[in-house]
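Dear colleague,

Please find below the structure that I am handing over to you. My findings follow directly after it.

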Amino acid sequence: MSHKLTSDEFPVLIYPMLRVVNSASSTKDWTGVSVRPPSYEGTVVRAVNQLEETLSKQMKKLFEVQLKRVQQYAVDVTLDPDTAHPNLILSDDGKQIKHGDVKKKPKDNPERFDTCPCVLAKQSFSSGRFYYEVQVKEKTDWDLGVARESINRKGKITESPQNGNWTIWLRNKNDYKSLAGPTVRLSLKSRPEKVGVFVDYEEGLVSFYDVDTAALIYSFTGCCFTQKLYPYFGPCVNDGGKNSAPLIISPVNHTE
């Protein structure tokens, strides 16, 4: 026959057990015993790395889609010799420009840059969207972007939106900046060999892309365009042959 314990009987049974536990605790030296919580550090690191890799791939796909979209607005651009600084050498087809050591004496005109070694394109745009690509491979210094029609072409030029330029540049092989007035240093993962320039006139947008990696380099946003815009090219000085490679206006290969 089963017997149910009454409340009066509980202390009788439990008290001896407590005495055993207390006795063991009093004789055991626990000072050298440590309890380590389970380590999740490796799991967390792997999870974070996997997340970063996934986000990186997604961002790359996003930039590829974005670049493909702006490449649809590719235009044929040629250099205007009437605007070129006297030290610049243009190819016969108007697609390449570099700095020469010998200063020529072309006919001066209001359109020609007389101090800054740069040149504009023949084509101008006062609405819509346009895109073009320029090879900058093997150059140590260059300037690229767009300029408004009334830009100052005589004397020293300080490139900035306030002065009618929306440009980025490279100096000393690795010093990339946006000439946003003040300048903004650009941290790029790789050196672009071909730069894409996209302009949305109505949206007030000028964006620069590393074509080979489909990465966005920099964007001017909220611009207010009221004049014609011309593609702007600055191959910079020859620097004793160190920067002798030309800027080359390249055909746009529409990626599928």
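**Salt bridges and burial**

Arginine 171 counts as buried, at 18% relative accessibility; buried here means under 20% relative accessible area, exposed over 50%, and partly exposed in between (1.4 Å probe, protein chains only). Aspartate 143 is also buried, with a relative accessible area of 3%. Please note that this is a predicted model, in which local features need pLDDT of at least 70 and side-chain atom pairs count only at pLDDT 80 or more, while totals for chains, interfaces and linings use all residues. Residues are numbered from 1 along each chain as its sequence is written, and side-chain values use heavy atoms, with hydrogens and water left out.

The side chains of arginine 171 and aspartate 143 form a salt bridge with an N to O distance of 2.9 Å; the term denotes a side-chain nitrogen of Lys or Arg within 4 Å of a carboxyl oxygen of Asp or Glu. Because arginine 171 belongs to strand E6 (residues 165-171) and aspartate 143 to strand E5 (residues 142-148), the pair ties together parts that are 28 residues apart in sequence. Strands (E, at least two residues) and helices (H or I, at least four) are DSSP runs, numbered from the N terminus.

The whole structure holds 4 salt bridges. Among them is the pair of aspartate 76 and lysine 95, whose closest N and O atoms are 2.6 Å apart. This pair links distant parts of the chain, 19 residues apart: aspartate 76 is in the loop between H2 and strand E1 (88-90), and lysine 95 is in the loop between E1 and strand E2 (96-99). Aspartate 76 is exposed, its relative accessible area being 57%.

Another salt bridge joins the side chains of arginine 185 and aspartate 175, at 2.7 Å from N to O. Arginine 185 is in strand E8 (residues 184-186) and aspartate 175 in strand E7 (residues 175-178), so this pair ties together parts that are 10 residues apart in sequence. Arginine 185 is exposed at 56% relative accessible area, whereas aspartate 175 is buried at 19%.

**Largest pocket**

The largest pocket holds about 390 Å³ of space. Its lining comprises 14 residues, of which Phe63, Lys189, Thr213, Ala215 and Leu216 are the closest to its centre. A pocket is defined on a 1 Å grid over the protein atoms alone, as an open set of points where a 1.4 Å probe fits, with protein on both sides within 12 Å along at least five of seven lines; lining residues have an atom within 4 Å of a point. The volume is the space filled by probe spheres set on the points, which are joined across faces, edges and corners. H2 and strand E11 (215-220) each supply at least two lining residues, and H2 gives the most, with 4 residues.

**Nonpolar surface patch**

Tyr40, Val44 and Val48 make a nonpolar surface patch of about 300 Å². Such a patch joins nonpolar side chains (Val, Leu, Ile, Met, Phe, Trp, Tyr) within 5 Å, from residues with over 30% relative accessible area and no salt bridge; areas come from the Shrake-Rupley method with a 1.4 Å probe, and only the protein chains shown count as cover for residues. Tyrosine 40 is located in the loop between helix H1 (10-27) and helix H2 (41-70) and counts as exposed, at 55% relative accessibility.

**Cysteines**

The count of disulfides (cysteine sulfur atoms paired within 2.5 Å) is 0. The sulfur of cysteine 223 has its closest cysteine sulfur in cysteine 224, at 8.9 Å, which is too far for a bond. Cysteine 223 is buried at 16% relative accessible area, whereas cysteine 224 is exposed at 66% relative accessibility.

Yours sincerely

Conventions:
Patches are made of residues with over 30% relative accessible area and no salt bridge: like charges are joined within 9 Å, nonpolar side chains (Val, Leu, Ile, Met, Phe, Trp, Tyr) within 5 Å.
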